[in-house]
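Have a go at each task before reading the solution.

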Amino acid sequence: MTLLLPLMGFLFISLLITAIGMSLLRGETAIERRLGELSLPGSLPAVPAPGNERLLNTLKRLGRAAPKPSREIGKLKERLIYAGYRGSEALTVFFGIRLGLAIVLFLLGTSPFIPKSGLIAGLAGAALGYLLPSMGLARLAKRRQHRIRLSLPDALDLLVVSVEAGLGLDQAIQRVGEELAFAHPELSGEMRLINLELRAGKGRADALRNLAERTGVDDLSSLAAMLIQTDKFGTSVARSLRVHSETLRTKRRQRAEEAAAKTGVKMVFPLVFCIFPAIWVVTIGPAAIKFVEVLFPLAESQK
């Protein structure tokens with residue numbers, strides 16, 4: 001019976017995770033996939049599956065009922081925008097995910113099917129469920145910013161080629177956004193938003209500043225400042241973009257060198273705790289066994 005309870009708890013958690021994963025998957029037909037390949041990304045409206053829509057509505061209801069600390073709302077909105085979630089209901093869905101996960105982990109912690117369950121385990125699970133969505137959101141935002149930062153030099157090279165070929169800056173941004181849709185979809189989407197703002201009548205300087213604020217990437221902030229100054233003073237856009245592209249490539253190479261230099265320090269802990277003990281066992285183990293075999297017969301003979 002003691003072995004049966006952990007097995008039932010493991011099966012219950014596995015089935016729950018599988019059900020949540022299957023409900024989040026989008027039911028997409030072969031025709032929709034083919035149309036998505038032939039058309040530009042984001043041109044077709046996303047139609048959620050019925051199960052996904054029901055789950056989304058449930059999360060929205062939970063988010064509306066969840067407590068919303070006023071100190072966190074601004075920071076959470078910023079992180080959601082950095083992660084690419086700009087919808088009006090994104091914050092509500094996030095609060096629903098956090099509350100739902102806290103409730104689920106609390107029920108699992110107090111479930112009689114899990115050994116050592118109780119009120120303390122349930123409260124610990126609820127606290128973990130409350131913190132995990134924020135940690136996951138921060139990681140998603142950092143990963144998206146990292147991908148945008150890595151794709152920026154390629155986009156600048158294409159901008160230089162387009163501007164030198166005779167296109168204006170607005171048309172070059174639109175063209176580069178279309179060309180980067182497959183290789184760098186995050187930056188392509190941001191460039192499309194710039195084009196939409198320009199078509200809506202917003203000034204180029206405001207659109208570029210919004211780009212820097214939406215992404216939170218320092219390289220894009222410097223690029224926006226450079227393009228605004230170039231437009232204000234009437235200097236060559238192509239030359240400024242080329243110099244900025246070389247600067248970004250130098251910074252990317254320096255980041256790679258910095259990460260490579262940190263590798264030795266990061267390898268200390270796995271070496272000390274994982275590799276060195278095995279080496280000591282292999283090298284010193286036979287000598288220790290031989291030493292014990294020689295020492296104990298001498299001790300017994302003295303007795």
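A cavity is a set of points, on a 1 Å grid over the protein atoms alone, where a 1.4 Å probe fits but cannot get out; its lining residues have an atom within 4 Å of a point. Grid points are joined across faces, edges and corners, and a volume is the space filled by probe spheres set on the points.

Two notes on the ground rules. This is a predicted model, in which local features need pLDDT of at least 70, side-chain atom pairs count only at pLDDT 80 or more, and totals for chains, interfaces and linings use all residues. Residues are numbered from 1 along each chain as its sequence is written, and side-chain values use heavy atoms, with hydrogens and water left out.

**Exercise 1. Describe the lining of the second largest cavity.**

Step 1. Begin with the volume: the second largest cavity holds about 50 Å³ of space.

Step 2. List the residues around the second largest cavity: Arg149, Leu150, Leu152, Pro153, Asp219, Leu248, Arg252 and Arg255.

Step 3. Assign them to elements, where helices (H or I, at least four residues) and strands (E, at least two) are DSSP runs numbered from the N terminus. Two or more residues of this lining come from each of α6 and α11 (237-266). The largest share is from α6, with four residues.

Step 4. Sort the lining by class, with Ala, Val, Leu, Ile, Met, Phe, Trp, Tyr, Cys and Pro as nonpolar, Asp, Glu, Lys and Arg as charged, and the others, Gly among them, as polar. The second largest cavity has four nonpolar, no polar and four charged residues in its lining.

**Exercise 2. How many helices and strands does the protein have?**

Step 1. Count the elements: the protein has 12 helices and zero strands.

Step 2. Of the 303 residues in the protein, 28% are buried.

**Exercise 3. Find salt bridges and say which parts they tie together.**

Step 1. Apply the criterion, a side-chain nitrogen of Lys or Arg within 4 Å of a carboxyl oxygen of Asp or Glu. The count comes to 19 salt bridges.

Step 2. Take Glu186 and Arg147, whose closest N and O atoms are 2.9 Å apart. Glu186 counts as buried at 18% relative accessibility, whereas Arg147 is partly exposed at 36%.

Step 3. Move on to Arg249 and Asp154, which meet in a salt bridge at 3.4 Å, N to O. Arg249 belongs to helix α11 and Asp154 to helix α6, so the pair ties together parts 95 residues apart in sequence. Arg249 is partly exposed at 28%, and Asp154 is partly exposed at 29%.

Step 4. Contrast this with Glu258 and Lys262, a salt bridge with its closest N and O atoms 3.4 Å apart. Glu258 and Lys262 are four residues apart in helix α11, so about one helical turn separates them.

Step 5. Look for linked salt bridges: Arg86, Arg144, Glu190, Glu197 and Arg214 form a network.

**Exercise 4. Which residues form a nonpolar patch on the surface?**

Step 1. Set the rule: patch residues have over 30% relative accessible area and no salt bridge, with like charges joined within 9 Å and nonpolar side chains (Val, Leu, Ile, Met, Phe, Trp, Tyr) within 5 Å. Areas come from the Shrake-Rupley method with a 1.4 Å probe, and for residues only the protein chains shown count as cover.

Step 2. Name the members: Val268, Phe269, Val272, Phe273, Ile275, Phe276, Ile279, Trp280 and Ile284, with about 880 Å² of accessible area together.

Step 3. Check one member: Val268 is found in helix α12 (residues 268-302) and counts as partly exposed at 40% relative accessibility.

Key. Buried means under 20% relative accessible area, exposed over 50%, partly exposed in between (1.4 Å probe, protein chains only). On a 1 Å grid over the protein atoms alone, a cavity is a set of points where a 1.4 Å probe fits but cannot get out, and a pocket is an open set with protein on both sides within 12 Å along at least five of seven lines; lining residues have an atom within 4 Å of a point.
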